[in-house]
Amino acid sequence: MSDFNRGLRAGLPIVLGYLPVSITFGMTAASGGLPPLAAVVMSATNLTSAGQFAGSELILSAASLVELIFTMLVINFRYFFMSLSLSQKLAPGFTVGQRMLFAFGVTDEVFGVASTAEGPLTFPYTAGLVLGPLLSWTGGTALGAYCSGLLPGDLSRALGITLYAMFIAILIPNCQKSKKVFAVTAAAGILGCVFYYLPPLSQLSSGWTIIIISVLVSAVAAALECRREGARP
């Protein structure tokens with residue numbers, strides 16, 4: 001079996017997982033007022049579910065460009081570290097262009113599969129691994145965006161719950177495995193409630209709220225972890 005086919009097979013679970021979420025994104029974006037073609041182009045050029053949901057919400061709420069840029073930077077900053085980690089597993093011979101193409105397709109799920117793959121990562125393998133999820137995410141967005149008008153409004157809005165279900169499915173197992181993850185998640189949730197209910201913090205837009213909470217909780221968690229590491233004999 002060729003490396004490309006092995007990559008396609010390894011990415012099949014990701015393809016199946018992305019499809020319902022991407023359909024929901026397409027429906028949410030189109031029903032919110034974003035042109036269907038714009039939603040499809042966004043998915044084809046930005047392979048990031050949380051970033052796209054947050055970005056489309058900011059666009060539809062007429063947020064400033066600075067707010068949009070900072071929000072996307074905070075949400076997607078982890079991909080820099082994922083790509084840096086995977087670069088250590090690349091087989092010899094990767095060109096700069098091939099590295100850029102693979103980095104474009106790195107997501108949480110792709111990183112998980114690639115980081116556990118046996119042996120060096122060849123370009124054909126990474127191309128197959130990325131191609132399936134990209135087509136699934138873009139195709140699902142198109143399906144949801146162009147078919148959203150065919151479904152009852154209540155059903156389209158109800159499908160938006162799948163995003164929160166996905167986040168819960170990701171968070172709960174990790175919170176059970178790690179007290180640190182639970183503490184960070186709980187702190188972010190508490191701060192989210194504070195910013196939502198407490199004036200004048202409640203006057204901040206959702207984009208700036210995400211930025212402030214993400215940076216604050218991450219900085220405090222990192223400082224505490226560094227202090228704990230430094231206290232070890």
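Predicted model: local features only at pLDDT ≥ 70, side-chain atom pairs only at ≥ 80, totals over all residues.
A pocket is an open set of grid points with protein on both sides within 12 Å along at least five of seven lines. Of its 233 residues, 31% count as buried.

**Exercise 1. Follow helix α2**

Task: Work out how far α2 reaches, where it has a kink and which of its residues are buried.

Solution: 
- Step 1. Start with the ends: α2 covers residues 12–32, which is 21 residues. From first C-alpha to last, the helix reaches 30 Å, close to the 30 Å expected at 1.5 Å a residue.
- Step 2. Look along the helix for a bend. A kink of about 30 degrees lies at Y18, shortly before the proline P20.
- Step 3. Now pick out the buried positions. They are I14, Y18, V21, S22, T24, F25, G26, M27, A29 and A30. Y18, where the kink lies, is therefore one of the buried residues, as is F25.
- Step 4. Keep the helix geometry in mind: an α-helix has 3.6 residues a turn, so residues three or four places apart point the same way.
- Step 5. α2 is followed by G33, whose phi is positive, near 120 degrees.

**Exercise 2. Classify two aromatic pairs**

Task: A search of the whole structure finds 7 aromatic pairs. Decide whether F25 with W137 is stacked or edge-to-face, and do likewise for F94 with F123.

Solution: 
- Step 1. Recall what to look up: a pair of aromatic rings is described by the distance of the centres and the angle of the planes.
- Step 2. For F25 and W137, the ring centres are 6.5 Å apart and the planes meet at 20 degrees. Planes under 30 degrees apart count as stacked, so this pair is stacked.
- Step 3. F25 lies in helix α2 and W137 in helix α9 (residues 123–147), so the pair ties together parts that are 112 residues apart in sequence.
- Step 4. Check burial, for which the cut-off is under 20% relative accessible area. F25 has 0% relative accessibility and counts as buried, and W137 at 2% is buried too.
- Step 5. Turn to F94 and F123, whose ring centres are 5.9 Å apart with planes at 80 degrees. An angle over 60 counts as edge-to-face, so that is the label for this pair.
- Step 6. F94 is buried at 11% relative accessible area, whereas F123 is partly exposed at 26%.
- Step 7. To close, look for a cluster. Y18, F25, F53 and W137 form one.

**Exercise 3. Describe the second largest pocket**

Task: Find how much space lies in the second largest pocket and what kinds of residue line this pocket.

Solution: 
- Step 1. Take the volume: about 390 Å³ of space lies in the second largest pocket.
- Step 2. Count the lining, which has 18 residues; N46, L47, T48, N76 and Y79 lie nearest the centre.
- Step 3. Assign the lining to elements. Those giving two or more residues are α3 (36–45), α4 (49–60), α5 (65–76), α6 and α7. α4 gives the most, with 4 residues.

Conventions:
Residues numbered from 1 in each chain as written. Heavy atoms only, no water. Expected span 1.5 Å × (residues − 1). Bend = angle between axes of the 7 residues up to and from the residue. Buried < 20%, exposed > 50% of the residue type's maximum accessible area, 1.4 Å probe, protein only. Phe/Tyr/Trp six-rings, centres within 6.5 Å; stacked < 30°, edge-to-face > 60°. 1 Å grid on protein atoms, 1.4 Å probe; cavity = no way out; pocket = protein on both sides within 12 Å on 5 of 7 lines; lining within 4 Å. Points joined across faces, edges and corners; volume = space filled by probe spheres on them. Nonpolar A, V, L, I, M, F, W, Y, C, P; charged D, E, K, R; others polar.
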